[in-house]
Amino acid sequence: MELSEHIKTANVEDVTLRRPFHPALRGTLCVTSHHLLFSDGKDEASWQLLILLKNIDAIEKSVEILFGYPRAVGSSGTITIKCKDLLVLQLEIPGMEECLNIASSIEALSSLESVTEMYPFFYRPSHLTLSGPWGLSSMEQYYKQTERLWDRWRISTVNSDYSVCLSYPSAVIVPREVDDDMLIRSARFRQGGRFPVLSYCHHRNGMVIMRSSQPLTGANKKSCKEDELLLRAVIDGSKLGYIIDLRSAQQAQQARMTGGGFESKSCYSDWKRFHRHHERDGHSVLVHGSEGTDNTLLVSSLAQLILDPASRTVTGFLCLLEREWIQAGHPFQQRCAHSAYSHARLKQECPSFLLLLDCVWQVWRQFPLALEFSEALLLRLAQEVYASNYGTFLCNSEQERCAAGVKENTHCLFQSLLRPDIEEQYLNPLYEPTDLVIWPSVHPQSLQLWTGLFLRWTEYAQNMEEAREEVWSIVKEHREQAGPDRTNNMLSTHCDTLTPFENLMDELTIL
């Protein structure tokens, strides 16, 4: 079925648009295969609103019928559009039939299931090309750039055809002394085939973070010698490693009744297992929950942001997301099918990636100088993960993206964000690089509502955006006058002009 066949009414005149903090506008509404377009005039200078239909989470419709006749003159309808980025719009449409047709078209086109029918496969901006490498870095490139891995670790392509693990990439980093046959046997012992692979190697002490899914010990307490040897190779003479099980002890015990479970002390004597434990004492760690595609990725990513200064730059952070979420097999299509307003509640849906971004925002708020990127980048990612022009967040795994031809037929969001003319929009003007570990406070009183996201369509958010622009203007002015050595002098020079500067920064980073 062609996409155009879903469009029952393409254009309607004299539509009234109502949106937060703006006066009502009257104009023309147009439905295309992937967008909803509203224009308040017919000339080139007219104001336009363009909404990607994939961004629409739910619509509510009501019709008014005068004189008791369905097709009576003066009948009209109202469509309330609730978007995945929390924007709510109202459209007053003359004519009941037109209103119902528009609503039906939006419902059909906003819930396309075929990946190749989605807008990223049709998005062709003039400043981007489909030729060249897709993405920022491959696992092989990451390995080559990380010299401290070369002695004890290797790249394995045991999953090159995705037969060992459907959700893993084609290449993974594993202990050098573990051969591919051992990896295959370990994969059979782990849920979904997600055997332990390297996530991060500390740049100073060489200790690592591994991640996997739960072992399939079951009620009979099954074991796997190859899986035990794999983890023993990770320790390589060290006295101890930690297994961080992100479930509670009760949940881990209950998992045994359905075939899952956890690592036994007798089989993994070199590893000490904790449930939801917070450790800082310089040992290698294996992180897993049950499937290893949600909280496991969240924890491994946050750990790297805290430990690794390179992950706090714009490029480093996007590479981290690509490696730990895109390539590592987070099921974006299942998890982000709907947002807060949807009436459907599918079992596979879960805002895991949004939770990561919220956690990163909490770190950014507590350490406003430590991250090169600003809140604006996190907000952009929060929007793109639910509805995007780019193919980065399509599908549930690298295997599915290959099958759908995502890399050949769509553009990469992360590459676009790093274009010089775009990247500056997402820079933190107060960034001061540091090699120190940044441990955020997790006490309840230290955590705040992410107002930039959850209150983004309120008057408060508009005021905060004006404050951010004021900070940027001051920073740019100082850069032009004083060059690169700017931050400390800037804070003192402009302290009085911002009434005072510290109060403004309190609003930006604490409220």
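Trainee: Is C99 buried or exposed?

Mentor: Burial is read from relative accessible area: buried means under 20%, exposed over 50%, and partly exposed in between, with a 1.4 Å probe and protein chains only. C99 has 0% relative accessibility, so C99 counts as buried. C30 is buried too, with a relative accessible area of 18%.

Trainee: What should I know about the model itself?

Mentor: This is a predicted model, in which local features need pLDDT of at least 70 and side-chain atom pairs count only at pLDDT 80 or more, while totals for chains, interfaces and linings use all residues. Residues are numbered from 1 along each chain as its sequence is written, and side-chain values use heavy atoms, with hydrogens and water left out.

Trainee: How many disulfides does a search of the whole structure find?

Mentor: A disulfide is a covalent bond between the sulfur atoms of two cysteines; the criterion here is a pair of cysteine sulfur atoms within 2.5 Å. The search of the whole structure finds zero. For C30, the nearest cysteine sulfur is that of C99, 16 Å away. The closest cysteine sulfur to C99 is in C83, and at 16 Å that is too far for a bond.

Trainee: Which residues have the most contacts inside the largest nonpolar core?

Mentor: In soluble globular proteins, nonpolar side chains tend to be buried together. A nonpolar core is a set of buried Ala, Val, Leu, Ile, Met, Phe, Trp, Tyr and Cys residues joined through side-chain atoms within 4.5 Å. The largest one has 60 residues, and F317, F353, L381 and F414 have the most contacts inside it. Elements giving two or more residues to this core include α7 (314-326), α9 (352-366) and α16 (459-482); helices here are DSSP runs of H or I, at least four residues, numbered from the N terminus. The largest share, eight residues, comes from α9.

Trainee: Where does T410 lie?

Mentor: T410 is in the loop between α12 (406-409) and α13. T410 is buried, with a relative accessible area of 1%. Leaving aside neighbours within four places in sequence, T410 is in contact with P120, F121, L130, W134, G391 and L394. T410 and T129 are 281 residues apart in sequence, yet 9.3 Å apart in space, C-alpha to C-alpha.

Conventions:
Contact = heavy atoms within 4.5 Å.
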